[in-house]
Amino acid sequence: MLIGLCGGICAGKSSIASYLVEQHQFTRIALARSTSTPEVEKSASHTPVPSVATSSVSPEHTFNNVDALLDFVTLRWRERWVTTDIWDEQVVDALLRRPFFLLVSVDAPVSIRWQRFKDQCAVNKLTPPALEEFVLRNDEHLYAPKTGLGALFQRAQLKLLNSTTSKDTLHAALKSLNLTNEARLRPSWDQYFMQLADLAAHRCNCMKRRVGCVIVREKRVISTGYNGTPRGMTNCNEGGCPRCNNASKGGADLATCLCLHAEENALLEAGRDRIGETAILYCNTCPCLTCSVKITQVGISEVVYNQGYLVDTQTAAIFKESGVRLRQFSPPREGIVDLSTFQADSTKMEGTTEQSDIRDILDDANFVRPVN
Ligand SMILES: [Zn+2]
Ligand SMILES: [Zn+2]
Ligand SMILES: [Zn+2]
């Protein structure tokens with residue numbers, strides 16, 4: 001895989017690259033700057049601040065253009081490569097086309113980045129800039145017409161907020177984020193179907209909650225469903241279901257609700273014959289009780305859900321009794337991630353498939369069986 005790190009001055013690109021090199025056998029790879037991409041980072045003090053990063057890239061891993069870099073990595077994509085040389089739109093376009101590339105942006109509060117810059121100047125016995133000068137340079141780096149890099153960072157699949165203040169806390173956070181998880185490049189089957197369920201959820205018209213569902217047999221989608229009023233009726237979000245449109249609490253007055261649940265729609269669409277013995281139902285939310293009994297009746301063999309719902313333990317009890325496997329799967333995190341929130345629990349690895357069967361919790365002494 002190839003990880004590209006982009007971000008503001010002293011946001012932590014090189015620190016993250018070093019982590020990947022030290023802990024995960026990555027090799028640094030570099031792209032020479034063109035005349036249209038001035039070295040703004042180094043000129044923030046009007047004095048070059050030698051970066052550990054660039055000096056540690058060997059000449060045979062430095063390329064004049066992105067095509068040459070890609071030719072090199074394409075032959076070696078199963079090895080691990082990292083670059084911090086994300087200069088412009090054209091470079092990002094070329095890299096993002098390839099299935100082995102992950103773009104990660106790094107950002108940090110300007111006060112923290114300024115402190116890091118001053119520390120770097122001190123190490124190199126240079127006079128640091130005033131904060132105002134640093135801020136102006138930073139604005140140029142991110143927002144200058146044509147050469148500003150701010151817009152590129154928005155294209156990153158993973159956006160890290162790095163206000164960590166020590167190498168150890170940064171490393172602990174990165175470890176628990178599981179940055180090298182290749183599922184971010186190409187989703188696992190669980191992740192693929194869960195993302196399809198999330199996409200289905202976007203079609204929901206029910207005012208209460210976005211729910212999406214996908215039924216799969218032998219890794220093929222049989223049907224999809226989302227929640228809302230039945231065909232031919234006014235959509236829930238246009239006033240079709242009076243119960244959903246008043247402010248009653250989730251789970252209340254369900255008997256008067258006109259909306260079909262995502263699971264019900266997917267089950268009706270598939271039909272019992274096509275579901276067969278080995279079908280798996282993916283749902284972004286743990287099924288409710290009435291869906292659980294229908295899922296059981298049509299012969300679904302396994303239910304995989306992402307987020308919990310009000311009645312998880314009761315649902316688990318139904319599936320336990322009827323022999324339907326129930327499992328939670330949470331995809332690896334994408335989008336904005338605050339690394340400071342990852343420091344508390346570095347033992348948990350993001351995006352690892354939770355293989356344990358939820359039915360096992362029913363055998364746990366702490367589990368309270370729902371009252372019928
Ligand atoms: Zn509704
Ligand atoms: Zn309703
Ligand atoms: Zn339901």
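**View 1. Where α11 meets α13.** On the α11 side of this contact sit E263, E264 and L267, and they meet C291, K294, I295 and V298 of α13. Sort those residues by class and you get four nonpolar, three charged and no polar ones. Everything shown here comes from a predicted model. Helix α11 covers residues 262–270, and α13 covers residues 289–298. Their axes lie 9 Å apart, and the packing angle is about 20°. Angles under 35 degrees count as roughly parallel, so α11 and α13 are roughly parallel to each other. As for handedness, the crossing of α11 and α13 is left-handed.

**View 2. α13 again, now with α14.** Helix α14 takes in residues 312–322, and α13 packs against it at an angle of about 15°, with the two axes 9 Å apart. That angle makes α13 roughly parallel to α14 as well. The crossing of α13 and α14 is right-handed, whereas that of α11 and α13 is left-handed. From α13, the contact uses L289, S292, V293 and T296; from α14 come Q314, T315, I318, F319 and S322. Here the class count for α13 with α14 reads four nonpolar, five polar and no charged residues.

**View 3. Inside the largest nonpolar core.** This core holds 45 residues. Which residues have the most contacts inside it? They are I3, L5, C6, V82, L103 and V104. Strand β6 (residues 101–107) gives the core its largest share, with five residues. Zoom in on L5 and, leaving out residues up to four places away in sequence, you find that L5 touches K13, I16, A17, V82, T84, V104 and V106. Two of these partners, V82 and V104, turn up in the list of residues with the most contacts inside the core too.

**View 4. The second core.** A separate nonpolar core of 42 residues is the subject here. Among its members are F193, C241, C259 and V303.

**View 5. Stepping back to the whole chain.** For orientation, the protein has 372 residues, and 36% of them count as buried. Its secondary structure runs to 14 helices and 13 strands.

How values were computed. Residues are numbered from 1 along each chain as its sequence is written. Chains are lettered from A and ligands numbered from 1 in the order in which they are written. This is a predicted model: local features need pLDDT of at least 70, side-chain atom pairs count only at pLDDT 80 or more; totals for chains, interfaces and linings use all residues. Axes are lines fitted to C-alpha atoms, for helices over the stretch in contact, and angles run from 0 to 180 degrees between N-to-C directions. Helices (H or I, at least four residues) and strands (E, at least two) are DSSP runs, numbered from the N terminus. Angles under 35 degrees count as roughly parallel, over 145 as roughly antiparallel, 65 to 115 as roughly perpendicular and the rest as oblique. A crossing is left-handed if the near helix is turned anticlockwise from the far one by less than a right angle, and right-handed if clockwise. Two residues are in contact if their C-beta atoms, placed from the backbone, lie within 7 Å. Ala, Val, Leu, Ile, Met, Phe, Trp, Tyr, Cys and Pro count as nonpolar, Asp, Glu, Lys and Arg as charged, and the others, Gly among them, as polar. A nonpolar core is a set of buried Ala, Val, Leu, Ile, Met, Phe, Trp, Tyr and Cys residues joined through C-beta atoms within 7 Å. A residue is buried if 20 or more other C-beta atoms lie within 10 Å of its own, exposed if 12 or fewer, and partly exposed in between; C-beta atoms are placed from the backbone.
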